[in-house]
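Visitor: I have a few "how do you know" questions about this model. Could you walk me through them?

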Amino acid sequence: MVDIKASGASGNHNRGRMLISCPDRPGIVAAVSKFLSGYGANIVQSDQYTMDPEGGMFFIRIAFDLTDLENRQEKLQQDFAEVAAEFSMEWSLSLASRRKRLAIFVSKEDHCLLELLWHWRAGDLDADIAMVISNHPDMESLVESFGIPYYHIPVTADTKAEVEKRHLELMKDKVDLVILARYMQIIPPSFIERYHNRIINIHHSFLPAFVGAKPYAQAQNRGVKLIGATAHYVTEELDGGPIIEQDVQRVSHRDNVDDLKRIGRHIERTVLARAVSLHTEDRILVHQNKTVVFSK
């Protein structure tokens with residue numbers, strides 16, 4: 001990774017981020033760099049990865065500074081389309097100044113929600129929390145103490161379609177990323193399609209996992225030596241979406257089920273917070289059912 005500390009950098013106000021994936025071939029980096037240089041942009045960070053030099057895929061994340069970027073974004077995108085077409089690129093351009101807006105879904109467990117709220121309040125999360133949505137009222141006073149809107153929308157087997165409609169109405173034009181912070185409901189396929197690769201879930205195990213009820217009891221009965229958590233994008237395949245972030249911690253036969261739950265909650269909240277941060281800073285490219293993650 002190349003990290004350039006350029007003098008006179010304009011900071012996030014004029015900071016752009018490009019994510020590019022395309023078939024690997026010579027000249028990709030040169031073409032992108034030449035294009036940005038021609039615009040007068042200063043590349044401040046570049047990170048790339050190739051799956052296979054011959055016949056594989058190439059991925060790159062470029063951060064750059066460009067004066068008056070907000071007003072020049074549309075023209076820059078139009079002009080870059082010619083470069084993208086030449087190399088068969090899938091690409092996106094985002095502005096660091098336009099913070100992503102989050103909707104956090106939660107049920108009764110508060111540890112993942114609290115971690116995100118703390119990061120947000122401390123200024124460590126480069127995003128805005130637009131709302132918290134829950135199928136239970138338990139977190140209302142907590143969330144509202146942060147000045148964030150809280151919507152209690154109960155879910156039953158007979159109201160799922162109505163609830164989905166209500167969720168989408170609340171989030172329309174207000175939300176860029178959905179976070180399932182231990183939200184204990186299945187997300188409908190039409191909702192997943194609307195927010196494709198923009199729904200992050202936290203799974204209580206290092207996938208693949210103990211399936212079914214009472215995973216920590218199963219783990220304790222099996223005498224596991226590692227427990228973990230996995231943050232991934234949500235797809236129609238339950239817990240089968242592209243993995244963003246994972247972590248584990250060593251445990252022993254001395255740890256009972258409550259110990260495992262306590263340790264697991266800590267891993268879950270830190271893994272989810274890292275995954276959300278990676279997405280909000282445009283550090284993730286999805287290819288098929290895998291991710292390329294450009295770490296900080």
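Visitor: What makes β11 and β12 partners, and how do they run?

Guide: Seven bridges join strand β11 (residues 226-233) to β12, and the two run antiparallel. Strands pair if DSSP finds at least two bridges between them, so seven bridges qualify. Within this pair, A229 stands opposite D247 of β12. A word on the source: this is a predicted model, where local features need pLDDT of at least 70 and side-chain atom pairs count only at pLDDT 80 or more, while totals for chains, interfaces and linings use all residues. Residues are numbered from 1 along each chain as its sequence is written, and side-chain values use heavy atoms, with hydrogens and water left out.

Visitor: Why do β8 and β12 count as edges of the sheet?

Guide: The open sheet has seven strands in the order β8-β7-β6-β9-β10-β11-β12, with mixed pairing. β8 (150-152) and β12 (243-250) each have a single partner strand, so one side of each is left without a neighbour in the sheet. Neighbouring strands are turned by 20° against each other on average, direction ignored. Strands here are DSSP runs of E with at least two residues, helices are runs of H or I with at least four, and both are numbered from the N terminus.

Visitor: How do you know that the length of α8 fits a helix?

Guide: The expected span is 1.5 Å times one less than the number of residues. For the 24 residues of α8 (residues 257-280) that gives 34 Å, and the end C-alpha atoms are 34 Å apart, which agrees. Just after α8, D282 takes a positive phi of about 55°.

Visitor: Why is L102 called buried?

Guide: Buried means under 20% relative accessible area, exposed over 50%, and partly exposed in between (1.4 Å probe, protein chains only). L102 has 0% relative accessibility, so L102 counts as buried. L102 sits in strand β6. Leaving aside neighbours within four places in sequence, its contacts (heavy atoms within 4.5 Å) include A130, L177 and V276. From L102 to A130 it is 28 residues in sequence, yet 5.4 Å in space, C-alpha to C-alpha.

Visitor: What makes the radius of gyration of the protein chain agree with a compact globule?

Guide: The radius is taken over C-alpha atoms, and the globule rule is 2.2 Å times the number of residues to the power 0.38. With 296 residues, the rule gives a value near 19 Å; the protein chain has 21 Å, which agrees. Buried residues make up 48% of the 296 residues.

Conventions. Axes are lines fitted to C-alpha atoms, for helices over the stretch in contact, and angles run from 0 to 180 degrees between N-to-C directions.
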